[in-house]
Amino acid sequence: MTTSPLVPVTLPPTVSLEPGGGGLPRLTIVNRHARAEVYLHGAHVTAWRPEGQAPVLWMSAETQWDAAKPIRGGVPICFPWFGPHPTDKSAPSHGFARLADWTLIEARDDEAGVTHLAFELTQPGCAAIYRVAVGSTLTLALEVRNPGRDAFTFEEALHTYFAVHDVRGITIQGLAGTDYLDKVGGTTPRNQGAEPIRFTAETDRVYLNTQATCTIEDPGLSRRIVVRKTGSNATVVWNPWIAKAKAMPDYGDDEWPEMVCVETGNVDAHAVRLPPGATHTMTASIAVS
Ligand code: BG6
């Protein structure tokens with residue numbers, strides 16, 4: 001059954017399509033391992049809750065459900081640039097992928113009961129496929145192909161917002177000894193040193209040259225969130241804290257303690273240069289223990 005022009009595939013019984021926030025088309029996935037939601041707007045995963053667990057992804061109550069705006073929370077796809085556009089001030093923050101309508105090109109359950117979705121975005125000069133596997137692990141894979149005749153250079157990030165009990169009580173392990181750019185504290189690269197990451201102020205860091213697994217230790221929720229990755233050489237860690245939270249129109253003033261972003265990416269010096277015809281794949285897989 002063809003359910004809409006953006007969903008030209010037959011949906012398995014585990015997947016349903018209905019209007020979500022602001023009437024935007026939303027896929028709801030319910031299988032024996034987990035429940036998840038994905039918007040076609042941005043191919044944006046807004047919820048994932050493994051069976052028996054609390055929600056893992058954080059969503060702002062103030063997000064603006066608007067096809068012209070990015071969704072605040074879940075997993076925005078930043079592509080083909082990260083942060084402000086390098087030359088065009090009028091271009092949207094974090095690229096156009098999170099603002100675009102993606103087409104669902106695959107929806108199926110495997111023998112283990114994991115639901116696999118694939119979304120496609122075709123723009124002049126590049127083609128991207130985003131694969132989402134919903135199980136007791138959430139696996140996200142962004143494949144970028146260069147269909148053109150010239151090399152194509154891009155940045156990318158899976159800007160994952162995680163729900164935490166209180167960001168002031170968590171630690172992030174996995175980045176000890178790693179150099180980072182501190183977007184809050186000047187331009188000189190810093191080093192994490194031996195300690196895990198703790199949050200005592202606005203934090204906006206690009207950890208460089210790292211393929212490491214990160215673990216969010218959250219004693220308040222008695223859980224660990226483990227983020228494994230491939231094809232990614234940078235990890236961005238972000239919490240806006242008090243003043244920046246107040247300055248963002250689509251983010252509640254008091255929401256900052258509830259979330260942390262640990263973003264799998266290739267940004268800044270790790271931008272990817274794709275020769276004509278080549279494909280690059282970056283994956284993030286998220287599990288809870
Ligand atoms: C983070 C960036 O990844 O995203 C921050 O490092 C930025 O600098 C944040 O503020 C949110 O960006 P946006 O465009 O979604 O408000």
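**Entry 1: strand β20.** I'm working from a predicted model. I began with β20, which covers residues 259-266. Is it buried or exposed? I found 8 of its 8 residues buried, so the strand is largely enclosed by the rest of the structure. Buried here means under 20% relative accessible area. I then checked which way the residues point. Met-259, Cys-261, Glu-263 and Gly-265 go one way, while Val-260, Val-262, Thr-264 and Asn-266 go the other, and both sets are buried.

**Entry 2: who pairs with β20.** Strand β11, residues 156-158, runs antiparallel to β20 and is joined to it by 3 bridges. In that pairing I noted Ala-157 opposite Gly-265. Strand β12, residues 161-163, is antiparallel to β20 too, over 3 bridges, and Phe-162 has Val-260 as its bridge partner. Strand β19, residues 234-239, is antiparallel to β20 with 5 bridges. There, Ala-234 stands opposite Gly-265.

**Entry 3: the largest pocket.** I got about 350 Å³ of space for it. It is lined by 21 residues, and Arg-72, Ser-93, His-94, Trp-238 and Lys-244 are the closest to its centre. I sorted the lining into 8 nonpolar, 5 polar and 8 charged residues.

**Entry 4: the second largest pocket.** This one holds about 150 Å³. Its lining includes Phe-82, Gly-83, Pro-84, Glu-155, Val-267 and Asp-268. I also wrote down Leu-181, Lys-183 and Val-206 from that lining. By type, the residues come out as 5 nonpolar, 1 polar and 3 charged.

Technical notes. Residues numbered from 1 in each chain as written. Predicted model: local features only at pLDDT ≥ 70, side-chain atom pairs only at ≥ 80, totals over all residues. Heavy atoms only, no water. Buried < 20%, exposed > 50% of the residue type's maximum accessible area, 1.4 Å probe, protein only. Helix = DSSP H or I, 4+ residues; strand = E, 2+ residues; numbered from the N terminus. Pairing = 2+ DSSP bridges. 1 Å grid on protein atoms, 1.4 Å probe; cavity = no way out; pocket = protein on both sides within 12 Å on 5 of 7 lines; lining within 4 Å. Points joined across faces, edges and corners; volume = space filled by probe spheres on them. Nonpolar A, V, L, I, M, F, W, Y, C, P; charged D, E, K, R; others polar.
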